[in-house]
Amino acid sequence: MTTAAMALAMTVTAQTATAACDDGEIVIKFSHVTNSDKHPKGIAATMLMERVNEEMDGKACMEVFPNSTLYNDDQVLEAMLQGDVQMAAPSLSKFEQFTKQFRIFDLPFMFKNIEAVDEFQNSETGQAMKASMTRRGLLGLEFWHNGMKQMSAKTPLLVPSDAAGLKFRVQNSDVLKAQMAAMGASPQPMAFSEVYGALQTGVVDGQENTWSNIYGQKFFEVQDGITETNHGIIDYLVVTGVDWWESLDADVRDQLATILTEVTTERNAAVGEVDAQARQAVLDAGSTIRELTGEQRQAWVDAMKPVWEQFQDDVGQENIDAAQAINA
Ligand code: LMR
């Protein structure tokens, strides 16, 4: 390490040191909102931490704060710009205030499965999106997968008109608000950590999320079953602050980037398995899963897909075309 880098590392350590890290190590705080052992993001973050702490011992030290214990997703990107946290993996819906391009990932029925999302993200367009927020101080490092979204409410949902008049929690995204409004439902943006309580007390009637989130947060306990709509996706961007990333010595940065890429490849390949386990766990817990007939599914498509038009200019028709070509 150069003297300058060492001095910087010591400054960073002094600001954020905890018992787990040794003096002189660069402290990397990774904040996220899910559990750490049964969730694609939680498992990947834990694996990243273990590898960094083993392979970069003496140089860097990672601490993971799961379950919104440090920040929720609405706060974490601001905290990152302030230098209070160095890594996070918010869902792609949470980047809306930084770049409208990411709205493509929230458009309902845009991707037929996570393999299609993977292919789009690995295309030139997808890769360029990782750097689309650098002028706002954020750098995307890797995309992490979760899964397809399902819908649930306090009453059974089989066709979109069943959702009319109900209040649905959404992530704070204009696309998701429009999607709920398209069904005659009322969208209620809310932090992930507040959803269970809001469903339980009737502040909201329903929600949309992936199997691992429905299981991990126990949403099924306070809903009348889950409807397998597969209408959208939740995926993540592992993000860091441009200033912090550039402050790292090249060898430290390269080693960290390599470990992150390897963890990403391994965990993204396993995401289908985690998703299936979570779905089964919801069933085993006694919840009802409603599968749709072709006709019922088409009714959801017909209700939701018109929102594409509202966001076409933000997202770019060429990107929509590229995503659709992958589905074909
Ligand atoms: C949500 O807010 O519903 C999800 O983005 C939470 C997560 O990180 O999976």
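**Ground rules.** I number residues from 1 along each chain, following the sequence as written. As the model is predicted, I take local features only at pLDDT of at least 70 and side-chain atom pairs only at pLDDT 80 or more, while totals for chains, interfaces and linings use all residues.

**Confidence.** I checked pLDDT first (the predictor's confidence in each residue, from 0 to 100). The chain averages 94, and 94% of its residues reach 70 or more. Residues 1-19 fall below 50, and that stretch has 21 contacts in the model beyond near neighbours in sequence; a contact is two C-beta atoms, placed from the backbone, within 7 Å. I also noted ipTM 0.98 and pTM 0.93.

**Helix α4.** Elements here are DSSP runs numbered from the N terminus: helices are H or I with at least four residues, strands E with at least two. I call a residue buried with 20 or more other C-beta atoms within 10 Å of its own, exposed with 12 or fewer, and partly exposed in between, with C-beta atoms placed from the backbone. In α4 (114-121), I found Ile114, Val117, Phe120 and Gln121 buried. They sit on the same side of α4, because their arc around the axis is only 115 degrees; the arc is taken over directions from the helix axis to the C-beta atoms. Their packing partners are α5 (124-129), β4 (138-153), β8 (226-241), α11 (271-284) and α14 (317-327).

**Strand β8.** How many residues of β8 are buried? I count 14 of the 16, so the rest of the structure largely encloses β8. For pairing I need at least two DSSP bridges between strands. β4 runs antiparallel to β8 with 12 bridges, and Ser152 faces Ile226 there. β3 (87-88) is also antiparallel to β8, over two bridges, with Ala88 opposite Val239. β9 (289-291) pairs parallel with β8 through three bridges; Ile226 stands opposite Ile289.

**Strand β2.** Five of the six residues of β2 (60-65) are buried. β1 (26-31) runs parallel to β2, joined by six bridges, and Ile26 has Ala60 as its bridge partner.
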